[in-house]
Amino acid sequence: MARSATLALLIALSAWHVAAETLTYTLEPLPKTGGIRVEFTWATSGRGGSLMGVSPRWGNITDVPALLGDFVVQGAKAVRRDGARWIVEHDRGASFTVRYEVRPPRRTFDWSDTHLPITTHSFFHGMGNAFLLVPESGGDVPREFDVILRWKLPAGWRSACSWGVGRSVGARVAATDVRHSVYLAGELVIEKSEQDGRSVTVAMVDQFGFRAPRFLALAHRVIAAQCEFMGEKSFPEFVITAIPVGAPLPDGNTRASGSGLYHSFALYLAPRSQLNDAVEHLFAHELFHYWNGRLLGAAKPEELVYWWIEGFTDYYALRILHDSRMWGDELFLKWLNRHIRDYYANPAIGESNEVIGRDFWKRRDTAGEMAYQRGLMLAVRWHALARRAGVADGLDALFLAMIQRARQGAFELTNDAIRTVGAERLGRWFAAEFDQYVIGAATIDLPEDALTPAFRGRIARIHEFDLGFDRERSLKSKTAVGVVKGSAAARAGLREGDKLVGWKLHGDPDQKIALDVLRGENTRKISYFPRGESRSVIQFAPAGAKDAAQPADPE
Ligand SMILES: [Zn+2]
């Protein structure tokens, strides 16, 4: 009995193996033109027709097919294009090959175009979603493929992608994972190490204020902390890439953004950036998408649950950094309080999930950020309310229940599912909360004891940052430009057209701005708090701490 079952299983497995189809990609970055040449061969089995496509749009790229040129198909009987998809007729079980060249409109990475596939003079970086043709699974097209990737590279270049490091790599992956992967080649530093059975590789362009081994050590710590929290037993081999974007920032300042992808994380950083808490926050966020966003995926249109996917990811990223003691109270509160302030200052505070979804990329700083902020606020609030209602694990009871469903098989996150499971796990109070804040987009209050016993909330008067003149144009021309009437800068004496001979600028409303202004022969010192509107919001501090002294207003 046991033997025949084994035999049947073996036969089933080998039949399944024969059915596997092979995709072979050859990528040739072109540092002379800025583009990349792609060759894609699809060895099909059994069918006489296949469907393939590129993403219609991705992140801040509005038209991915427009990037592809010189499109040639060999070995097919007929090819018909339908938008971002191609329908290929071929002999049964044939192999066919597609060649095309990707031609991005830019040669260098800047902050508005981080998602573009670009070959600079020293490296290529692109995400599959932004330039790779992949099979459209479904019908008799399989979900997974044996995928081979070969790089044709200039001398001295190395390469890595989300599922393999080196010039020639292969893996069994789904077509969607080929898309949700990062592809990087160039004059790279590549470091790999293993800890607690988890393998992590860092592949980066070496232009930052830190070395790869430090980044690798940080990655291991965050991964270990999150795996422990999530009870994760089978974390995959993980790849982290980092590329420089834009110009170096003054005073070693950091600017960073990133994309959480298939078994990987793509980081964008200003050159010379340090590995600071902003990068740790970003990495912890993107890593947590391994569970919240990928293992637990959203039903389409996924924008409707961005508040959960992005906001809960921010919440757990911060909480696990703090609970694991990677971060002390000070860093945890700095970021939590900042997110709370940004939530109340966001003009999109009352917008529905539908509007946020529609405008997520168009108004990234307001509608886009609201998804993160609303989810984080709700997580803090519901964790407190659930514990008050007698649920010892608080919000985790709901979150881990959703993850559990995703682990058990086909389950997609929807607002309906969250509402139902929330009421089951956290209590009947949850449904009304959900309707009021998630559906109704009402402004969210946090109880002062939301983070008891460690922290206590207090209402504080918070000023919005407002420099009072145009920073960029003024620094460029070394002249005060765009001085706003009635602003703190104007009240401190700054006038349009003042010659600037010295300055100390920053983004903190509670620190003074200092300017040296030349008028005629005289240099005059002007200093002021760069404050605009103010509002009262809750801010958390260690329980027992005295009220933080607010810096005195100079006026
Ligand atoms: Zn995210």
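Guide: On a 1 Å grid over the protein atoms alone, a pocket is an open set of points with protein on both sides within 12 Å along at least five of seven lines, for a 1.4 Å probe, and its lining residues have an atom within 4 Å of a point. The second largest pocket here has a volume of about 290 Å³, a volume being the space filled by probe spheres set on the points. This is a predicted model, in which local features need pLDDT of at least 70 and side-chain atom pairs pLDDT 80 or more, while linings use all residues. Residues are numbered from 1 along each chain, and side-chain values use heavy atoms, without hydrogens or water.

Visitor: What lines the second largest pocket?

Guide: Its lining holds 18 residues, and Arg-319, Asp-323, His-383, Arg-387 and Leu-451 lie nearest the centre. Helix H6 (306-323) and helix H9 (364-388) each supply at least two residues, helices being DSSP runs (H or I) of at least four residues, and the largest share, four residues, comes from H6.

Visitor: What makes His-285, His-289 and Glu-310 donors of the zinc ion?

Guide: Donors are N, O and S atoms within 2.8 Å of the metal (3.2 Å for Na, K and Ca). His-285 (NE2), His-289 (NE2) and Glu-310 (OE) coordinate the zinc ion at 2.0 to 2.1 Å, so they qualify. Along the chain, these donors follow the spacing H-x3-H-x20-E.

Visitor: Why is Cys-161 called buried, and why is Cys-227?

Guide: Buried means under 20% relative accessible area with a 1.4 Å probe, protein chains only. Cys-161 is at 0% and Cys-227 at 3%, so both count as buried.

Technical notes. Buried means under 20% relative accessible area, exposed over 50%, partly exposed in between (1.4 Å probe, protein chains only).
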